[in-house]
Amino acid sequence: MAAPTARRAWTTPVDVTDRLRRRWMRGDFLTALAEQHPFEPLCIPLSGPKPSELARDFDAVRTWVQSWGAAEQQLLRIEHRQVGGRVIGTNNLPHQAWIDHREQLWDLLGVTSTVRRFQTLLASTQVATPELADWITAHPMKVLDLEAHWERLHQTVRWILDYQGPSLYLRQIDVPGVDTKFIEGHRAVLTTLLEHCLPAERIDTDAPRTSFTARFRFLAKPSYARFRLLGDTPVAGFNELSVRVNEFTESPPGITTVFIVENETTYLAFPSVPGSMVVLGGGYAITRLSELRWLQDKRLVYWGDLDTHGFAILDRLRRLLPHTESILMDRSTLMAHRGQWVKESKPAREQLQSLTGEESDLYQSLVDDDFGHGVRLEQERVRFLAVQTALADLHGSSSQPPHEEGWPVLPQE
């Protein structure tokens with residue numbers, strides 16, 4: 001059993017090829033070629049039989065030597081050294097394998113056509129987008145991986161480099177074969193290439209690398225605020241509008257209270273409340289409303305789903321607008337609707353610092369599954385009468401006999 005174990009330590013022609021291929025995959029050889037370095041012959045030391053193994057397993061040694069003779073006839077130059085002694089005499093055994101020319105190396109690895117394609121990519125990019133030449137030189141294997149898309153990638157970079165006008169949407173990049181889906185699909189590599197080429201003032205380093213539009217100062221999709229007026233005074237003849245948040249710089253006239261809800265049906269059916277408006281939220285994207293500076297001067301009331309994420313959204317909103325109140329997000333509302341509970345699939349478990357004591361206590365009970373696993377009361381499952389009562393209490397109105405159907409209308413103040 002000893003001889004096979006020893007033979008496995010002898011270097012084979014395949015071992016040499018594998019070793020060179022690892023260097024190829026690192027890009028070492030193509031980088032040297034791109035940098036126009038003169039080729040220096042490559043020497044690979046060979047581990048072969050020891051003198052004691054010559055006598056013990058002479059047939060295996062002879063087979064090993066013959067394999068190197070075949071390799072030398074193909075592409076490698078083999079240097080030998082004398083091994084042996086008094087018992088079996090001296091023998092010339094392979095000692096080093098040499099690659100003397102680049103073409104030998106390409107042929108041995110079977111990459112001649114790949115090298116030519118890389119040289120073509122490098123040459124064309126040096127002409128069209130020379131700013132990328134040193135990146136290609138340093139990352140040749142990445143370029144080859146992107147070969148099918150490289151022309152469009154570097155033309156996109158070239159177009160962005162050349163553009164000097166006002167901010168644009170990604171859709172306005174005008175490169176043949178390039179659309180927003182192409183840019184989104186290659187966002188990571190385009191980010192790397194643009195960071196390599198663009199001057200510092202054209203990169204917003206405070207924006208995350210995952211936000212391509214923000215990092216390279218393209219126009220982002222605008223945020224919208226959809227709202228309904230709950231009184232009798234329309235805006236320009238409309239009771240409901242959807243406007244860009246960055247253009248919603250002033251409150252509609254006569255508004256003193258702003259309600260924020262998450263469910264669209266609830267939003268559409270929200271009762272009439274004089275001097276008020278209701279805004280359709282957006283889950284965790286609700287923070288976009290912090291851009292509406294005039295909300296700081298209004299009574300702001302949030303009503304979301306009664307679950308852990310509903311409280312997390314409330315906490316996030318209150319961190320930006322600390323005067324935010326909540327309605328129907330309390331223990332009594334939850335317990336009064338036990339038959340309407342559903343399951344929250346992935347409850348939040350973060351520490352929420354902006355909740356009131358009562359809200360925080362209920363949130364922790366939900367996190368701890370005090371009422372059962374993942375208990376959730378969705379906004380649209382809350383009875384209309386509970387909403388009427390909460391609004392009446394909020395505005396200090398006296399209770400009116402509830403209607404059996406529909407949303408009751410609050411008494412006019």
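**Helices, sheet and cores**

Mentor: The axes of helix H15 and helix H17 (residues 357-367) come within 9 Å and cross at roughly 145 degrees, where axes are lines fitted to C-alpha atoms, for helices over the stretch in contact, and angles run from 0 to 180 degrees between N-to-C directions. This is a predicted model, in which local features need pLDDT of at least 70 and side-chain atom pairs count only at pLDDT 80 or more, while totals for chains, interfaces and linings use all residues. Residues are numbered from 1 along each chain as its sequence is written, and side-chain values use heavy atoms, with hydrogens and water left out.

Trainee: Which residues in H15 and H17 meet?

Mentor: Contact means heavy atoms within 4.5 Å, and on the H15 side Thr308, Phe311, Leu314 and Arg318 meet Glu359, Leu362, Tyr363, Leu366 and Val367 of H17. The crossing of these two helices is left-handed, a word used if the near helix is turned anticlockwise from the far one by less than a right angle.

Trainee: What makes S5 and S9 the edge strands?

Mentor: The open sheet has six strands in the order S5-S4-S7-S6-S8-S9, with mixed pairing, and strand S5 (240-244) and strand S9 (325-326) each pair on one side only. Two strands pair if DSSP finds at least two bridges between them, and helices (H or I, at least four residues) and strands (E, at least two) are DSSP runs, numbered from the N terminus. Helix H15 (residues 308-320) packs on this sheet, touching strand S6 (257-261), strand S8 (299-303) and S9.

Trainee: How do you know that S6 and S7 pair, and in which sense?

Mentor: Five bridges link S6 with S7 in the parallel sense, and with a threshold of at least two, the two strands therefore count as paired. Valine 258 has methionine 277 of S7 as its bridge partner and stands opposite leucine 300 in S8, a strand that is joined to S6 by five bridges and runs parallel to it. Strand S4 (residues 224-229) and S7, by contrast, run antiparallel and are joined by three bridges.

Trainee: What makes S6 a strand that is mostly covered?

Mentor: Five of its five residues are buried, meaning under 20% relative accessible area, with exposed being over 50% and partly exposed in between (1.4 Å probe, protein chains only). Thr257, Phe259 and Val261 lie on one side, and Val258 and Ile260 on the other.

Trainee: Which residues touch the most other members of the largest nonpolar core?

Mentor: Leu20, Trp24, Trp68, Leu76 and Trp150 do, in a core of 60 residues, where a core is a set of buried Ala, Val, Leu, Ile, Met, Phe, Trp, Tyr and Cys residues joined through side-chain atoms within 4.5 Å. Apart from it lies another core, of 53 residues, including Val301 and Ala312.
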